[in-house]
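Here are a few notes to read alongside the model. Keep the viewer open and follow along.

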Amino acid sequence: MSRLAIYARSLTANWVGFLANLVVAFMLAPFVLRSLGESAYGVWILLVELTGYLGLIEMGTQAGLGRHINYYLGRGEIDRVNGFVNTALLFFLAAGAAILLLAGGLALALDSVFTKIPSELVASARPALLLVAVNLILALLGAVFPLILNAFDRFDLSNAVNLVVLAVRTVGTILVLKQDGGLVELAGVQVVSSVIGAGAGMLLARRVFPSLRLDLRLWSRERFRELFGFGIWAFVGQIGMQFLYWSSTILITVLLGPAMVVFFSMPMMLIQYGRGVVDNMAGVLGPQTIKASSVGDHVELRRIFSWGSKVIMFVAIPLFGGLMVYGGEFLILWLGPHFARSAAVLLLLAVPQWVVWSIRPGVNVILGLGHVRFAGLMTLGQGVLNVAATLFYVLVLKMGLLGVAWGLLVPMIAFNSVIAWFVLRWIDMPPRQFLVRNVGRYAVTATAFLALAWGVSYVGRREVWAWFFAKVIFLVLAAAPLGWYGVFSRDERCELGQRIRDMLRRKRREIPQGPASVETSEASQPPPPPPQDEGEPG
């Protein structure tokens, strides 16, 4: 199978999984919000994000494991891969014990730390926090196996597991809330679904990677030192990511109260799902990028970075532009008129995403080349500045939820601009080349799309689902040719089109033929595709 066909299969699987999550979130979030109420729903979000901070105790070893699996598979060193897998599993078991202890202490002090949580919710929040911590431990152990599947480009299988987990979690959530369940029951559903996911992932990983050996005696201090040496800076980066994306809930709970969390978390949910669309695209490039890095192939890295950026922005420009223009209308239709206050928050959260995703393939380059210290420090600096800026905007300027959004926007644009400059230098790509061939085309395309979107937004009745979907469908149809001619140059369109035609031609030849085709002479068969050129997109 060609590299482009593998990317297409992986991306299709990722998007199927993403769309399933999106549909479930769209249908389930209002139901959960109505069932629990704004305050209880805000507390639930808080508990989930608190366990995210507890997850930092794994110190970045999960990120290090993903990198090392791909790196040593690229070198054909299977014994080292098994050593890393079992060393990571043993460490996650030890980390799980520490997570339970910390969760227990935090549960006891919950009402002292978060004084604005209603007293009637504290009693159920404590055991729920412990169950969510158990779910976190299961997630750490279960995350090892999707990393193995993805290293073999079997994103389809890892997404199949995620779909099973999603189905169990969705049905369980509906059942417990229909029976007037609360926070504890919701947390129990999370635990059951994670057990199923971890078991299914393990079985599939053993099937795809027959040389996989699960034996904790294979752990070694040497493998742990390698994981920790790489992971410690990934850990620093994870702290930064917690500050950047998940500190907002804690700050809002402390400064504005848990009921205000939902008016920020719902716009953030839309941004995170939007990020999921493009992250699935960038994720399929990860294994190949790291393997190219392992042999120092800078030509391949430049090719992946430039093409990856363009393909991602082909989707990211209309996606986040659509959230800027239509996000407020969607929130009102989805959750009610009182969520109109969240429209401006969503706009501010969407603006910096264009900067982030234009250089997203650079994250894979950073990991592949081993510049994880740089990535960790950049992310930590961005997260710390986010917290400081948020406190300034909320406490000093009294901007409320808008201050929280501005606290995310400014650091994100500043730090990602710096990261882009370093990545371009490491892969020997002149910054001016990237600005002219990539960023300039993105700016023109984004401006044209926003002008079109704002013009269309005034057509028809507002806040009616039928008109909303009609406008969205029109913009999707218009965005495709706009992005095709705006993001890609003429030569790139020809090259990419030829690659797609070659892939489809191979696919047709792979379809089993009927008995009559057995007698067909070889001379009547179509010629084989031309050999892949080094400069063509993967």
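Which residue just after helix 13 takes a positive phi? Gly-336 does, with a value of about 120°. Keep in mind that this is a predicted model. The points below start with that helix.

1. Take a look at how helix 13 begins. A side-chain oxygen of Asp-297 comes within 3.4 Å of the backbone nitrogen of Val-299 there.

2. Now follow helix 13 along residues 298-335. If its 38 residues formed a straight helix, they would span 56 Å at 1.5 Å a residue, but the end C-alpha atoms are only 48 Å apart. You'll also find a kink of about 65° in helix 13, centred on Tyr-326.

3. What about the surroundings? Helix 13 has 31 of its 38 residues buried, so the rest of the structure largely encloses it.

4. Next, find helix 6 (residues 119-142) and helix 9 (residues 183-208), whose axes come within 8 Å and cross at roughly 10°. That angle is under 35 degrees, so helix 6 counts as roughly parallel to helix 9. Residues making the contact include Ala-128, Leu-131 and Asn-135 from helix 6, and Ala-187, Val-191 and Ser-194 from helix 9.

5. Last stop: Arg-360, which sits in the loop between helix 15 (353-358) and helix 16 (361-369). Is Arg-360 buried or exposed? Its relative accessible area is 13%, and under 20% counts as buried, so Arg-360 is buried. Leaving out residues up to four places away in sequence, Arg-360 touches Asp-279, Ala-282 and Ile-312.

Technical notes. Residues numbered from 1 in each chain as written. Predicted model: local features only at pLDDT ≥ 70, side-chain atom pairs only at ≥ 80, totals over all residues. Heavy atoms only, no water. Helix = DSSP H or I, 4+ residues; strand = E, 2+ residues; numbered from the N terminus. Expected span 1.5 Å × (residues − 1). Bend = angle between axes of the 7 residues up to and from the residue. Buried < 20%, exposed > 50% of the residue type's maximum accessible area, 1.4 Å probe, protein only. Polar contact = N/O pair within 3.5 Å; in protein donor to acceptor, adjacent residues only side chain to side chain. Axes fitted to C-alpha atoms, helices over the stretch in contact; angles between N-to-C directions. Parallel < 35°, antiparallel > 145°, perpendicular 65-115°, else oblique. Contact = heavy atoms within 4.5 Å.
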